[in-house]
Amino acid sequence: MQKDLESVTEPAPSPGQPRLSIVVPVRNEQGNITPLVRDIEAACADIGVFELIYVDDGSSDGTAAALAGLAATRPWLRVVRHAQSCGQSAAVRSGVRAAAAPIVATLDGDGQNDPSFIPAMLAQLEAAGASAGMVQGQRVGRKDTGFKRMQSRIANKVRGSILKDGTRDTGCGLKCFRREAYLALPYFDALHRFMPALIVREGFAVLHHDVRDRQRLTGVSNYGFFDRLWVGILDLAGVWWLIRRRKRVPQIATEAR
């Protein structure tokens, strides 16, 4: 039975349960695996028990071998592998479903998202209480090409004017959110780019955190931007419809036993 979102107190993790699950979707990122895992390991050394879940979205290079080698010496590193590529949203979903912690952080697997911001985003979400559903990273000093930055500005302006979600950069892969809030969202391809608006739709608050962008470590992008704007327009129309059709979140006064 659904509870009043304003009155839920999230239980503390049980002994041995991770405080945080970090999900990284990758496809053909062999050269970026080791340096990013090491960066995450260093960044999260002081947050307590955590787990890192890499979702290999049907890679055809040495990504699987690189992950297997690292997992052999890191018990907190888990690997989920798709038999064939299903896209970034599907990879994120597989990772969240496999996560053992009540809070999940995500970041892109190309090294552009700096994991040093994860502890602060986790602390921000925990301090805000159960009424907050996520912290969305918002990039500053982006390292993409001028053309890609222009695409991003156009897409975010169009999306923001329609969804009015108060987020200027939903394309940033650095996010920290409550697992139960994510799993309540309607699933569709490109979900990860509309999370702030849909989290608000579920009755949660969305917080923001400025994060530093970095250069891609190696290789080229394997996931397109917003499936490029014009394909994303169809998803945007669907999300707008979902928000319009949302009824008031039930306020549960009592719960039957």
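**Exercise 1. Find the bridge partner of Arg139 in β7, and then describe how β5 and β7 are joined.**

In β7, Arg139 has Val211 as its bridge partner. Eight bridges join β5 to β7, and these two strands run parallel; strands count as a pair if DSSP finds at least two bridges between them, and the strands themselves are DSSP runs (E, at least two residues; helices are H or I, at least four), numbered from the N terminus.

This is a predicted model, in which local features need pLDDT of at least 70 and side-chain atom pairs count only at pLDDT 80 or more, while totals for chains, interfaces and linings use all residues. Residues are numbered from 1 along each chain as its sequence is written, and side-chain values use heavy atoms, with hydrogens and water left out.

**Exercise 2. Decide whether Gln136 is buried or exposed, and find the backbone oxygens close to a polar atom of its side chain.**

First locate Gln136, which is found in strand β5. Gln136 counts as buried because its relative accessibility is 0%, where buried means under 20% relative accessible area, exposed over 50% and partly exposed in between (1.4 Å probe, protein chains only). Then turn to the side chain of Gln136, which has a polar atom 3.4 Å from the backbone oxygen of Asp169 and a polar atom 3.2 Å from the backbone oxygen of Cys172.

**Exercise 3. Identify the members of the largest nonpolar core that touch the most other members.**

A nonpolar core is a set of buried Ala, Val, Leu, Ile, Met, Phe, Trp, Tyr and Cys residues joined through side-chain atoms within 4.5 Å. The largest one has 32 residues, of which Leu20, Ile22, Val24, Leu52 and Tyr54 touch the most other members. Several elements each supply at least two residues of this core, including β1 (20-26), α1 (30-43) and β2 (50-57). A second, separate core of 27 residues includes Ile53, Met134, Ile199 and Val206.

Methods:
A polar contact is a pair of N or O atoms within 3.5 Å; within protein, one must be able to donate a hydrogen and the other to accept it, and residues adjacent in sequence count only if both atoms are side-chain atoms.
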